Amino acid sequence: MPENSLCSRIITTTRNVNVAKSCCSGFQGSVYNIQPLNEQDSKKLFLKRLFHSDSNFPTHLEEVSHAIIKKCHGFPLAIICLASLLASKSDTKDQWEQVHNSLSSVFSSQGMSDILLLSYYDLPYHLKTCLLYLSVFPEDYKIDRDELIWRWIAEGFITEVKGQTLDQVGGSYFNELINRNMIQPIDIKYDGTANACRVHDMVLNLIISISSEENFLTVVDEQGYKYLGNKIRRLSFQSNSVENDVNVVQKIMDNLSQVRSLSFFEVPEKIPPFLKFHSLSVLVLVDYDFCLGNGHIKYLGSFFQLKYLRVTSYGITQLPDQFGNLHYLQTLDIRGSGIEKFPPTVVRLHNLARLLVGNKVQLPDGIGDLQSLQVLSSARLYKPLKLVEDLRRLTKLRTLEIVLHGSDTLGAHEMGRYEEALESSLTVLGKHKIQSLEISCCDYLRDKLLDLLCCTVPNIQKLVISGNCINRPSQQMLSLVNLAHLDIYFQRIKQEDLSVLGSISTLLYLRLKLHFVPDERLCISSQQFQSLM
């Protein structure tokens, strides 16, 4: 376009963020991220397309119309396609309700599917695989970013890249699917990254269809179960609607000899115990109805290929003694289960990289043997001194959540050794560049803890201190040169303390809790908190 004062513009529309950015390079272009339509604009578009007017619905169709529009989630393409479909129908409530009740087939049969297929076929092979895997999750499910990446790793979908960890590569896959508008980011953090995502209904219907055709994944949902005649490779239970048909459940379980991934988001009531699945890499048990018990996982120790295990079921209270045979296990997540104690054999899991437990779980004696650990959450031990001593052996640890104990637990005579062991272990972890530390502070250490952390973990990026409050900020906090996330509980704070916090130039996020109301007016100058988001 000629460079003149006539305000000429080229507008490019795309589902790919990288295409949008490249169109802006070399001149003063900008990217406008279109958001889904709000309820009012969705209604206006729907009415204009259907009735050539944006006036009110016919009274008898108002309720079902609102339900149909809501199902479109503000996507203009979905609204237009459905309005076009309804225009060919009579204005009877029964026909409109029939369309609403069969929206899945409507979406898959319209031009919308062809448009989404263009985006799907444009994906590189590794992203196609990762996207298809999202059909394992139920409709509207909030998919945790880390959980998804860990499952991708366990399935072998992540390709190694020199200089990057598999978690980092998986994160780039996740971001690329967002950039291409194949998944919807939610829980956006202060730095712009998403903690989780959802899959739009239209995309989900598409990938479920492709997954079924390619025998990539089999879903048991409200529509039931369709056996394709092939061995099931990945199975996702998203409904317990087959619970009264024992033969159907048994038939499904009998076809799992070569299953690689088994996910239960709903558990049939009469499900038999899990057999010896020698090819299983991923096992997810989400059970809020106490359908599962310890007997269902009695053969768990024989799942030799298992790499990812999540147990969210209070009906399961213990792991089998043979659990230590799972030498390939990388991720163990038992948050939300009834398990409070590990079998001693768990310390033989030398490939375990992520151990996620509730704060009532007693970690096994010898936790230091798990030297591949990168993530350890809610660390608590019935031998607190042994735990902090073992931490120094976990040199690959990047994320640690720990509950510190005081003299009421240890006794005054052992507190000195406990403090020395804690300082020694934190020093080792600091040298190996631990990135995230969440501490529930004991009363005994609260006046020393902050100075101790500043000396031992100067490269920490995320620091959370809860429990007993710290007295005041320390001048030494200025030595935390990489600190981006600070969540801390102080007894009191003064203006000079706020100035210390404001001088941490890398700080992006600050959550400040105070025990006492400040006794002076606190002011933040324009020179403080320069990076805070």
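**Note on strands, salt bridges and surface charge**

1. Strand E8 (residues 308–313) runs parallel to E7, and six bridges join the two. Strands (E, at least two residues) and helices (H or I, at least four) are here DSSP runs, numbered from the N terminus, and two strands count as paired if DSSP finds at least two bridges between them. The model is a predicted one, in which local features need a pLDDT of at least 70 and side-chain atom pairs count only at pLDDT 80 or more, whereas totals for chains, interfaces and linings use all residues. Residues are numbered from 1 along each chain as its sequence is written, and side-chain values use heavy atoms, with hydrogens and water left out.

2. On its other pairing, E7 meets strand E6 (residues 261–264) in the parallel sense, over four bridges.

3. How many of the six residues of strand E7 are buried? Six of the six residues, 282–287, are buried, so the strand is largely enclosed by the rest of the structure; buried means under 20% relative accessible area, exposed over 50% and partly exposed in between, with a 1.4 Å probe and protein chains only. In a regular strand the side chains alternate between the two faces of the sheet. In E7 both faces are covered, with Val 282, Val 284 and Val 286 buried on one side, and Leu 283, Leu 285 and Asp 287 buried on the other.

4. A separate point concerns the open sheet of three strands, whose order is E1-E3-E2 and whose pairing is antiparallel. E1 and strand E2 (184–188) stand at the edges with a single partner strand each, so one side of each is left without a neighbour in the sheet. The pairing of E1 with strand E3 (residues 194–198) rests on two bridges in the antiparallel sense, and Ile 143 stands opposite Cys 197 in E3.

5. Side chains of opposite charge can pair when their charged atoms come close. A salt bridge is taken as a side-chain nitrogen of Lys or Arg within 4 Å of a carboxyl oxygen of Asp or Glu, and the count by this rule comes to 17. One of these joins Arg 310 and Glu 147, at 3.2 Å from N to O. Arg 310 lies in strand E8 and Glu 147 in helix H9 (residues 145–155), so the pair ties together parts that are 163 residues apart in sequence.

6. Arg 354 counts as buried at 4% relative accessibility, whereas Asp 167, at 25%, counts as partly exposed.

7. On the surface, Glu 62, Glu 63, Asp 94 and Glu 97 gather in a patch of negative charge. Patches are made of residues with over 30% relative accessible area and no salt bridge, like charges being joined within 9 Å and nonpolar side chains (Val, Leu, Ile, Met, Phe, Trp, Tyr) within 5 Å. Accessible areas come from the Shrake-Rupley method with a 1.4 Å probe, and for residues only the protein chains shown count as cover. Lys and Arg count as positive and Asp and Glu as negative, with His and the chain ends not counted, and the place of a charge is NZ of Lys, CZ of Arg, CG of Asp or CD of Glu. Helix H3 (62–71) and helix H5 (93–101) each supply at least two residues of the negative patch. Glu 97, which sits in H5, counts as partly exposed at 31% relative accessibility.

8. Two backbone angles deserve a look in the viewer. Asp 140, a residue other than glycine, has a positive phi near 65°; it lies in the loop between helix H8 (125–132) and strand E1 (143–144), and it is partly exposed at 39% relative accessible area. Phe 290, also not a glycine, has a positive phi of about 60°. Phe 290 is placed in the loop between E7 and E8 and, at 59% relative accessibility, counts as exposed.
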